[in-house]
Every structure is written in C-alpha cells, then in structure tokens.
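Please keep the sequence and the structure in view while reading.

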Amino acid sequence: MNQLRPYQQDTVNKIKTLFRHNHKRILLCAPTGSGKTVMAADMIKQAVANNKKVLFVAHRRELIMQCSKKLYEFGIRHGIIMAGKSHQEDVPVQVVSIQTFNARKDNYDFDVPDADLIILDEAHRSTSNSFQKMLEMYNDAFVVGLTATPCRTDGKGLGDLYTKLVQSSTISNLMLDNYLVGMKYLAPTVPDLKGLKIFAGDYEKRKLASRMNTPKLVGDIVQHWKEHAKDRPTVVFATSVAHSIQIAKMFNDNNISAGHIDGNMDEEDREAQLRLLREGQIKVLANCMILTEGWDEPQISCVVIARPTKSFGLYLQMIGRSLRPYKDKNNTLIIDHSGCIYEHGFADDPIEWQLTSSKEKALQKREQRLSEKQPFTCVKCDTVYKPTKEYPECPNCAFVPTKQDKDVLVKQGRLKEIKKKEPTRYVKENFYAELLYIARQKGYADGWASWVFKDKFKHFPRNKSVKAKFPTSEVLGFIQHYNIKRAKHQQAVKKMLGG
C-alpha cells in the first residue's frame, strides 16, 4: 500500500480544492526528493476511480519509465506512448513522450487519447512550443505541472500557463523530518568568470567551457575530492562534454574509478555507466547536462559543481540529486568549484516562489540575508557555513575568523555586504490577500488580517481593496508561529498577574 506522507496528502488536498474552485491549471512546486511522482500517482489513481482519462507527459525517456514504474506500484494500468514501445489504447492512463506525441498526432493511424487530467513533468519546460502544441488540443482538461524549480533561465514566466501555484514542503522542513539528508558545503576554489558574456540568462557555453576546462582547474577538482570526499559515491557536473570527459580521465589517472555520461551517448551506454555507479564499480560519474533532471540515485553523497551558472533552478537541480536518504548516509557533501554558493546561497534557504507572466521578470522571492548570515568560507578548511554572533567558529574545524581573514574573503569575491531589502508592494499585498482568505474562512473580522499584517511588516496594510487569495504554505506557517507566539505571551501575562 502506498500511503502518502502528511505534506504529500496536504498538497494533493490543496490541488483538489483548487480544482473544485474551477482553477484548471495548477503548478505544483516541491523540492527534488519530496516525491512529486508519488503525489502525481495518487492524483491519477483518484481520477481513474472517478472514470476519468489521464495523460502523464514528460520530455525524457528516463522520466517516462520512472513514472511507469510508480504507476505499477500504485496498481494503475497504463499505456506508454513513446518510440520503441507498443501502444496499449484500451486503458484510461497514458504515459506520454512529448516528442512522440507531437510526431504522431497528425498521423491518420494514431488515435489521439482523450484526457480529463494532464500531468506535466518538469513543468518549468511547459511553456515551450512542444508542450503548448499539445495543450492546445486539450483546452477543457485540468492540468497539473510538476517542478522543483518554477523558474526559467530565459525569464519566461509560468503565470501565462498556470493560474495557481501550490508549494509543497521545503528542503529545510524535509531535512528536519528526515525525508532528506543535511548538506555540508566546501568551496575550495572560485573560478575567474570576468568578461564572460550572458546569453539567454546564463553564461555563454563555449567560452565558459574553455575557461573551466584547464589542467589546473580539473586537477583541483580531483585533489580536493581526494582530500574531502574520500569514498563517497559522487556525481560531477561539468560545463561541456569535453570538460566532463577530461574530469573522468583525470580521476582515472589518479587511480580513482570514474565514468562519463552525456546526452549524445546512446541509451545502452548511458545505462551501463549508471549501472556501474549503482553497483559501486565506479566511484565518480562526470556528466554534462544529462543528470540534472529525473535521475534518482540515493547512494550519491557528494556533488561536485564544476559548472558555473546564473540559473538558480539549475543550481538547485544539481544539488538535489544527492539529498535522498540512504543506508548509513548521514549527509551530502557539496564541493563547489563554480562560485555558485556565492551566486545563489544555500540550497535550503527559504524561498517564496511566485507565478509571473512573460511580461514580468521571473521572480523567486528569497529571504534576504544580513551580511553575517551570507555564505562564509573558512580560510582554514574551505567549509562554507553561516556564522552567527553566538557561534562564529567554523563547524568543521572550530577556527574563528579575524577581520583580516574577512578582508581576504572580500578580495576573493567570497564575501560582500548584503543589505536587507524592504519587501515589495506586490509581496505585501499578496500576504494581506492570503490573510483575508484565512480570516473569512475562520469567521474572523477583516481587522484580524490587518493586525497580523502589522505584526510582520510593522505597519498596517496600505491597500485594503485586494481580493482574498488562497494561502501559501509560507503564510500558513507564519500564522502557526504567530498563534504560538501569542499563546506564549498570554501565558506570560497571566503568570505575571498571578493568574
């Protein structure tokens, strides 16, 4: 029996509620390792029980087979529409390759399947032409997009396609509940990226590859892995195919068994390399843009980031490959040779994702860090951590940095002053709108929402004409802490008065 975890069940319930309120296109955001496919399988099972037809759509063979396996575990009969697979038409669920669907949809001998519910995997890709062509054929269907990172490097907003965003649990909460393992960061080197041009929201690939694929930098990767990762099963993210091959060669030259994988290899060769890693015959697997999505190998306990990126989503995808629990796996080690930790911060920092249209800048609202809370690199052991006034020492070697050490980090580009920014009007109005929804649901006066708003932002809402909005998990979490704080205050007052 496949029983959902509490946060998974809560997420599915929220989506069902939105469906009942006639929101037909929902974006489900949940971290890598949280079980998006499990939640999708549960929704599919409920739809089939109500005599509905379902399509699960993905862009890669691995994702399609992963979904098929999960549907079998749930006891759901289904067909697969993909090259090399025989099409079983007489079942209510089809797992679909988007490429195969678009190639066959106009063929006279292909019966386009009906669909009441469509689930799109890796939904940050769903604004592409291939997905849009398909969705145009199913205007009346309910759509759920699944993604860990609802942002695109090219700036296209997902709000043009989806009307509501449901955010499931966070990385930090999943770690607290032991559904994901903790992270340890090392940043032994920072590449020189000055002068590199930005194309489509990220570094220009060819120039980036030549900048990173040097004997010195590749040698640093191997040396620091030997010092810090020891025998941890490891995946390395490289900037190009040539860079990945060179990294694997350098590991092998140092008597460390390593392999390489890229998108140009045929399926059998890719699977052979993955099997060698899974069986422990190789310790390190280097890759170029092939293992960032839809690949699950819980044994992995070290990620080497040798691929600088401006994409926060790609950064999270790379780290997310190693967060799943496994026997005797206490944490995962992130060795950053790219500067990503200084570009994007810690992967478990709070994030408030928002739907935006293509006319707006794609946003991810993240809790701003004060200078003493930004990524800090120990000058003795390269561990990256968050120092506080109470605990300024490195958690790994206990070294306490001096002002001179901090000046060195500033010169290296590893430390800079980050000023706390005032939340935008858009953020505040959204927060107030979600408070109004809670107030009216619980039968409170609207004034309750104003006072709770004031508790957070230190002033009353300036625009009270906003419409109530379904609350996000962040707002519900704030209310929970707000109620706890009020209860403790009331207890303290009662005790002081001798009650």
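How many bridges join strand S1 to strand S6, and in which sense do the two strands run? The model examined here is a predicted one. In it, S1 and S6 (residues 142–147) run parallel and are joined by 5 bridges.

Ile 26 stands opposite Val 144 in S6, and Ile 26 has Lys 164 as its bridge partner in S7. For Leu 27, the bridge partner in S7 is Leu 165.

Is S1 enclosed or open to the outside? Since 5 of its 5 residues are buried, S1 is largely enclosed by the rest of the structure. From this strand, Arg 25, Leu 27 and Cys 29 point one way, while Ile 26 and Leu 28 point the other way; all of these residues are buried.

Strand S7 (residues 164–167) is likewise covered on both faces. Lys 164 and Val 166 lie on one side, Leu 165 and Gln 167 on the other, and all four are buried.

These strands belong to an open sheet of 7 strands with parallel pairing, in the order S3-S4-S2-S5-S6-S1-S7. Strand S3 (79–81) and S7 stand at its edges; each has a single partner strand, so one side of each is left without a neighbour in the sheet. On average, neighbouring strands of this sheet are turned by 20 degrees against each other, direction ignored.

Elsewhere in the order, strand S2 (residues 54–58) pairs with strand S5 (residues 117–120) in the parallel sense, over 4 bridges. Within S2 and S5, Phe 56 stands opposite Ile 119. Helix H3 (residues 61–73) lies across S2, S3 and strand S4 (93–97), and H3 runs at about 165 degrees to S4.

**The sheet of 8 strands**

A further open sheet has 8 strands and mixed pairing, with the order S12-S13-S11-S14-S15-S8-S19-S18. Its edge strands are strand S12 (258–262) and strand S18 (376–377), each of which pairs on one side only. Strand S11 (residues 234–237) and strand S13 (residues 284–288) pair in the parallel sense over 4 bridges. Val 236 stands opposite Ala 286 in S13.

Which strands of this sheet does helix H9 touch? H9 packs on the sheet against S11, S12 and S13, and its direction makes about 170 degrees with that of S12. Helix H11 (residues 312–320) lies across strand S8 (182–186), S11, strand S14 (302–305) and strand S15 (331–336), running at about 145 degrees to S14.

| Helix | Partner helix | Axes come within | Crossing angle |
|---|---|---|---|
| H1 (residues 6–20) | H2 (residues 36–49) | 10 Å | roughly 50 degrees |
| H8 (residues 215–228) | H9 (residues 241–253) | 10 Å | roughly 50 degrees |

The axes of H1 and H2 cross at roughly 50 degrees. That makes H1 oblique to H2, and H1 passes H2 in a right-handed crossing. On the H1 side, Gln 8, Thr 11, Val 12, Ile 15 and Lys 16 take part in the contact; they meet Val 38, Met 39, Asp 42, Met 43 and Gln 46 in H2. The residues of this contact of H1 with H2 divide into 5 nonpolar, 3 polar and 2 charged.

H8 and H9 are also oblique to each other, and H8 passes H9 in a right-handed crossing. H8 contributes Pro 215, Val 218, Gly 219, Ile 221, Val 222 and Trp 225 to the contact, and H9 contributes His 243, Gln 246, Ile 247, Met 250 and Phe 251. What kinds of residue make up the contact of H8 with H9? The division is 8 nonpolar, 3 polar and no charged.

**A residue of helix H16**

Ile 484 has its place in helix H16 (residues 473–496). Is Ile 484 buried or partly exposed? Its relative accessibility is 39%, so Ile 484 counts as partly exposed. Between Ile 484 and Thr 377 there are 107 residues in sequence and 35 Å in space, C-alpha to C-alpha.

Notes:
Residues are numbered from 1 along each chain as its sequence is written. This is a predicted model: local features need pLDDT of at least 70, side-chain atom pairs count only at pLDDT 80 or more; totals for chains, interfaces and linings use all residues. Side-chain values use heavy atoms; hydrogens and water are left out. Buried means under 20% relative accessible area, exposed over 50%, partly exposed in between (1.4 Å probe, protein chains only). Two strands pair if DSSP finds at least two bridges between them. Axes are lines fitted to C-alpha atoms, for helices over the stretch in contact, and angles run from 0 to 180 degrees between N-to-C directions. Contact means heavy atoms within 4.5 Å. Angles under 35 degrees count as roughly parallel, over 145 as roughly antiparallel, 65 to 115 as roughly perpendicular and the rest as oblique. A crossing is left-handed if the near helix is turned anticlockwise from the far one by less than a right angle, and right-handed if clockwise. Ala, Val, Leu, Ile, Met, Phe, Trp, Tyr, Cys and Pro count as nonpolar, Asp, Glu, Lys and Arg as charged, and the others, Gly among them, as polar.
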